[in-house]
Amino acid sequence: MTTPTPAQTGANASMAPVGCPAHGKATRGLRPLYGPEAEAQPYALYERLRAEHGAVAPVLLYGDVPAWLVLGHRENLEVMRSSRFSSDSRHWRAIQEGSLAPDSPLLPITAWQPLVALTDGAEHARLRQAVTESLTRLNRHRLRRYITHYTSRLLGDFTPSGRADLVADFARKLPALVICQQLGIREDDALTVGAAVTDMISGGETALTSNQLLVELVRDLVERKKQQPADDLASRLLDHPAGLTDEEVREHLRLVLVAALEPTANLIASALRMVLTDGRFRGHLSGGQMTLPDALEQVLWDHPPLAVVPTRWATGDTQLGGTRIMAGDMVMLGLAAGNVDPVIRPDLAVPMQGNRSHLAFGAGVHECPGQDLGRSIAETGIDLLLERIPDLRLAVDDDQVQVAGTWMARRITSLPVAFAPQRQEKPAAPEQRPEPPARHDAAPAPKERPRGRWFRRRGA
């Protein structure tokens, strides 16, 4: 990676870039993107980096691995849409030179695999078609039945007590239960899978162990679905005309788990905190002036579920935001930083209602193909929770809500609430009936949006 200086352009462009790994790692003075200080106040760090370097800033990752963090909204879109930046980690100089430690917590996210997120060109198109079409054929009506069923079950676990932690008891459990069911993973394994994904993304000492747990689980899942196919994502990927190998199916199931569980849990937790603490949104929602999807959109602007996506590498020497980038440099998408870029949001207090140009789901050919699944779980689950517990209130002051950061995400770790205790009701199981075999030429079912009282239309 190179450390930008004013002398890196123009007549001095041929000089060895300061900090370039090929000329010795000059990492002194670079700010780490990990550690207690960076993770406690990530937005403050983004603004310091923006003030010091502009739209693109040099940072350090675990093991003092150098990388670029893109802070500008326009520059993020440029990286997402330009062929000058590849999603294939084999371009990464650290991989080519073997300088990445074999136990690096960066490896579970960045090590090349036959994945739609880590390929380009024709191979990416083939894999993306399989993933996108398999996700599109989710039965939307049956999906909502499962979201409703699991939401009711989770509410039944804590509503009799009148108290709950909406992160531990709801936001982390609901996506794990629903998404694992859609993939074909046994219900008994769902919460273990959710915990493993959270641990892996944290980048801590046990990240590789948690990753291995996921690898073994999806390996067993694929073997089971080859013998007993069903109407689930694993079976659809195995049967798709794109002809995915078993390895490709395994890796994409693991990718869906990582890309769907943690972001959806973070989205639910952040949205619930907003509804509970921000008078503008609570008033608008209950008064019918703002729908819950509008509130979720604001959360996607202010606190995107993933703050940083470390899966882009420069294919050649280039310029980005006035900064010289060298071939093989890691160029990380700063989704959270780009969403608060003062160029597009000079006043962060102005609501972004109706504006979907945030970076939360990416853009270009690698835009998140499963974003509708996450939105459905969050919208339906939160709507049912708020309808079932209308007197829900935060049990601590807002400034006491526990928030933890990692190099990739900022997440609420605890959201204690109180409400009037309720008589426990056993939720009805989702309707079980034989499903016809998945047809690849079938039209996708129309999306169904819940119409609880928290979803009132404007002026209703």
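Tutor: In β2, P32 has L60 as its bridge partner. This pair belongs to the two bridges that join β1 to strand β2 (residues 56-61), and these strands run parallel. Strands here are DSSP E runs of at least two residues, helices are H or I runs of at least four, and both are numbered from the N terminus; two strands pair if DSSP finds at least two bridges between them. The model is a predicted one, in which local features need pLDDT of at least 70, side-chain atom pairs count only at pLDDT 80 or more, and totals for chains, interfaces and linings use all residues. Residues are numbered from 1 along each chain as its sequence is written, and side-chain values use heavy atoms, with hydrogens and water left out.

β1 and β2 belong to an open sheet of five strands, ordered β1-β2-β3-β10-β6, with mixed pairing. Its edge strands, β1 (31-32) and β6 (308-309), each pair on one side only. In general, strands of a sheet pair through backbone hydrogen bonds, either parallel or antiparallel.

Two helices lie across strands of this sheet. Helix α2 (residues 42-53) lies across β1, β2, β3 (65-70) and β6, and runs at about 130° to β2. Helix α3 (residues 73-81) lies across β3 and β10 (331-334), at about 125° to β10. Contact means heavy atoms within 4.5 Å; axes are lines fitted to C-alpha atoms, for helices over the stretch in contact, and angles run from 0 to 180 degrees between N-to-C directions.
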